[in-house]
Amino acid sequence: MKASPSKSPSLSMLRELIGRQAALVLLPAIFAASFALAQAGADKRRSGYQDMGAALQKMQDDDTANPGMLFVQLGQQLWSKPAGAANKACDDCHSVADMKGVSVRYPVMAKDGDKPIDLEGRIRLCRTANQQAEPFAPESRDLLSLMAFVANQSRGLPITPSDDPQLTPFREQGATIWGRRQGQLNLSCAMCHDDNAGKKLAGVTIPEAHPTAYPIYRLEWQALGSLKRRLRNCLVGVRAEAYPYEASEYVALEVFLMDRAKGMIFESPGVRP
Amino acid sequence: MTNVLINAPKTAKKGEMIELKTLIMHPMETGFRPGTNGRLIPRNIIERFTASWNGAEILRMDFSPAIAANPFVSFFAVATESGKITFRWTGDEGFAVEESVAIDVA
């Protein structure tokens with residue numbers, strides 16, 4: 001063909017051009033790669049805080065606008081209020097300073113038990129065993145207030161889950177539940193919060209589900225709520241039957257989630273939409 | 001147990017515009033929601049919020065059932081004189097809470 005001899009120089013020119021362009025494209029790519037390598041240690045995990053709007057972030061940051069602080073204040077009052085047949089207050093045994101770091105470490109193995117116990121369980125145990133008072137109802141205001149007060153002492157600390165080897169089987173159980181499809185929608189936790197986190201679900205950003213701020217003040221609830229309530233919320237969302245309130249599955253999930261969020265900064269009481 | 005958080009400056013210049021922020025724990029039950037027994041939960045809201053500066057009313061606000069639980073109110077006032085700013089919430093079921101903060105105006 002006539003065109004072929006005239007085409008070959010243009011082809012070589014094209015190749016040369018591509019070569020140059022490739023180099024041009026490659027250079028920033030190399031820079032980006034080295035930058036990414038330098039940043040490899042940087043944490044890519046996102047707290048739900050980072051996915052909310054500026055107004056809500058401000059609400060959480062301002063201690064006189066964050067409604068969770070009302071519960072912290074109430075918890076502080078309850079902390080020194082004697083209760084039960086033993087007529088003991090929390091501060092008769094515990095110092096507030098000792099509560100620093102508790103929320104970022106729990107759940108831990110129960111002292112004389114073979115199961116992990118979360119902060120809620122620990123407070124309820126103290127309430128019935130040591131104070132000999134009537135047990136707190138699940139998600140009751142006073143229970144949440146005490147949890148919020150204790151959790152607030154750990155604000156700003158990195159999550160440092162207990163390294164007790166006895167927790168391992170429970171962490172694994174939690175991971176199994178996390179990855180198991182459930183409910184009529186047949187979804188696992190991981191399918192939303194690992195595989196599709198950051199994308200939208202009905203206009204709402206799917207969070208990565210790190211328990212960095214519990215108990216949280218959720219505007220939808222118009223109340224403070226625990227991680228357990230949030231887990232139940234998701235279970236209902238996938239049309240699964242939520243585990244009963246006392247079920248060990250919640251604690252196992254919490255052990256797994258706290259490990260997953262290891263090193264992230266604790267920010268309770270959080271505000272969430 | 002009253003549970004209120006107030007954010008007000010402790011000092012201000014005369015004539016300065018200051019922001020006053022208040023937050024109070026209250027369920028703000030609308031009266032339109034059925035309870036677990038199917039019957040309506042009786043209305044329990046804050047009906048009125050007032051703020052006064054040394055006894056002179058500077059803000060009066062009527063609340064409605066559509067206002068969310070634990071209401072947050074923020075407003076501005078001109079600092080006129082040193083003294084006491086008093087906030088008062090009154091509502092259903094005999095709800096009455098009063099809190100004061102001192103302010104120094106120079």
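Figure 1. Chain A exposes about 14,800 Å², and 58% of that comes from carbon and sulfur atoms (accessible areas are Shrake-Rupley values with a 1.4 Å probe; for residues, only the protein chains shown count as cover). The chain has ten helices and seven strands, where helices (H or I, at least four residues) and strands (E, at least two) are DSSP runs numbered from the N terminus. Of its 273 residues, 42% count as buried; buried is under 20% relative accessible area, exposed is over 50%, and partly exposed is in between (1.4 Å probe, protein chains only). Take the contacts (heavy atoms within 4.5 Å) in chain A between residues at least 6 apart in sequence: 68% of them join residues at least 24 apart.

**Figure 2. Close-up of the largest nonpolar core.** A nonpolar core here is a set of buried Ala, Val, Leu, Ile, Met, Phe, Trp, Tyr and Cys residues joined through side-chain atoms within 4.5 Å. This one has 29 residues, and the members touching the most others are A:Phe71, A:Trp79, A:Leu119, A:Ile123 and A:Leu146. Setting aside residues up to four places away in sequence, A:Ile123 touches A:Phe136, A:Leu143, A:Leu146 and A:Met147.

**Figure 3. A look at A:Ser154 in its loop.** A:Ser154 sits between helix 6 and helix 7 (168–179) of chain A. Why does A:Ser154 count as buried? Because its relative accessibility is 0%. Leaving out neighbours within four places in sequence, the residues in contact with A:Ser154 are A:Met99, A:Lys100, A:Gly101, A:Val102, A:Ser103, A:Val104 and A:Phe266.

**Figure 4. A:Arg272 and its polar partner A:Gln60.** A:Arg272 belongs to strand 7 (residues 270–272) of chain A. With 11% relative accessibility, A:Arg272 counts as buried. Its side chain makes a polar contact of 3.0 Å with the side chain of A:Gln60. A polar contact is a pair of N or O atoms within 3.5 Å; within protein, one must be able to donate a hydrogen and the other to accept it, and residues adjacent in sequence count only if both atoms are side-chain atoms.

**Figure 5. Chain B, with zero helices and eight strands.** Along the sequence, chain B reads β-β-β-β-β-β-β-β. Buried residues make up 39% of its 106 residues. Chain B exposes about 5,900 Å², with carbon and sulfur atoms supplying 52%.

**Figure 6. Where chain B meets chain A.** Here 15 residues of chain B are in contact with 17 residues of chain A. The area buried between them is about 1,300 Å², 59% of it from carbon and sulfur atoms; buried area is the accessible area (1.4 Å probe) that two parts lose on being put together, summed over both. Look for the salt bridge between the side chains of A:Asp62 and B:Lys21, at 2.9 Å, N to O (a salt bridge is a side-chain nitrogen of Lys or Arg within 4 Å of a carboxyl oxygen of Asp or Glu). Seven residue pairs are in polar contact across this interface, both residues at pLDDT 80 or more. Strand 1 (4–7) and strand 3 (17–24) of chain B each supply at least two residues of the side that touches chain A. Strand 1 of chain B gives the most to that side, with four residues.

**Notes for all views.** Residues are numbered from 1 along each chain as its sequence is written, and chains are lettered from A and ligands numbered from 1 in the order in which they are written. In this predicted model, local features need pLDDT of at least 70, side-chain atom pairs count only at pLDDT 80 or more, and totals for chains, interfaces and linings use all residues, while side-chain values use heavy atoms, with hydrogens and water left out.
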